[in-house]
Amino acid sequence: MITKEEFEMLKEKLLEDKIKLSGELEDPHVSFGSDVDAFDEETDEAEEFANRLGIQVTLKERLREVNSALERMAVNEYGTCEECHNPISLEVLSAEPESRLCKSCKIK
Ligand SMILES: [Zn+2]
């Protein structure tokens, strides 16, 4: 089980991630840089659009995971593996605070 301090620390990390992800979603240029070559603009446009969509989807998925972790925190279900219902170790949660699975279930 994680301690109250660890819980607070993870919550802070999730809230920071949430702000960061929301910011990146609102301003797509942050993730792509602005060095678009003017000459290749037309040919690259479709590809860039696809890349942008891909990144947007990834960001949205992460944001959804982060929000869901915060919701689980609110109802005291945070830190429990959805597969085996054992507590998720701090090692896993520190690396990925939005994690739904414990280390052994992740490997499966
Ligand atoms: Zn598990």
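What follows is a working chat about a predicted model of one protein chain.

Biologist: Before I get attached to any detail, what pLDDT does the protein chain average?

Modeller: This is a predicted model, and the protein chain averages a pLDDT of 88, with 85% of the residues scoring at least 70.

Biologist: And where is confidence lowest, and where is it highest?

Modeller: The lowest confidence falls in helix H2, residues 29-32, where the mean is 52, whereas H1 has the highest, at 96. Where pLDDT is low, the predicted coordinates should not be read in detail.

Biologist: How many helices and strands are there in the chain?

Modeller: The protein chain holds five helices and zero strands, so that, read from the N terminus, the order of its elements is α-α-α-α-α.

Biologist: What share of the residues counts as buried?

Modeller: Of the 108 residues in the protein chain, 12% count as buried.

Biologist: Which residues make up the largest nonpolar core, then?

Modeller: That core has nine residues, namely Leu10, Leu14, Leu21, Val66, Ala69, Tyr78, Ile88, Leu93 and Cys102. Two elements, helix H1 (4-26) and helix H3 (41-74), each give two or more residues to this core, and H1 gives the most, with three.

Biologist: Staying with Val66, what is it in contact with, leaving aside its neighbours within four places in sequence?

Modeller: With those neighbours set aside, Val66 is in contact with Leu14, Asp17, Lys18, Leu21 and Glu98.

Biologist: Switching to Ile19, which helix is it in, and why does it count as exposed?

Modeller: Ile19 is found in helix H1, and it counts as exposed because it has 11 C-beta neighbours inside 10 Å, the limit for that class being 12 or fewer. Ile19 and Leu63 are separated by 44 residues in sequence and by 9.2 Å in space, again from C-alpha to C-alpha.

Biologist: Last one: of the contacts between residues at least 6 apart in sequence, what fraction joins residues at least 24 apart?

Modeller: For the protein chain, that fraction is 56%.

Notes. Residues are numbered from 1 along each chain as its sequence is written. This is a predicted model: local features need pLDDT of at least 70, side-chain atom pairs count only at pLDDT 80 or more; totals for chains, interfaces and linings use all residues. A nonpolar core is a set of buried Ala, Val, Leu, Ile, Met, Phe, Trp, Tyr and Cys residues joined through C-beta atoms within 7 Å. A residue is buried if 20 or more other C-beta atoms lie within 10 Å of its own, exposed if 12 or fewer, and partly exposed in between; C-beta atoms are placed from the backbone. Helices (H or I, at least four residues) and strands (E, at least two) are DSSP runs, numbered from the N terminus. Two residues are in contact if their C-beta atoms, placed from the backbone, lie within 7 Å. pLDDT is the predictor's confidence in each residue, from 0 to 100.
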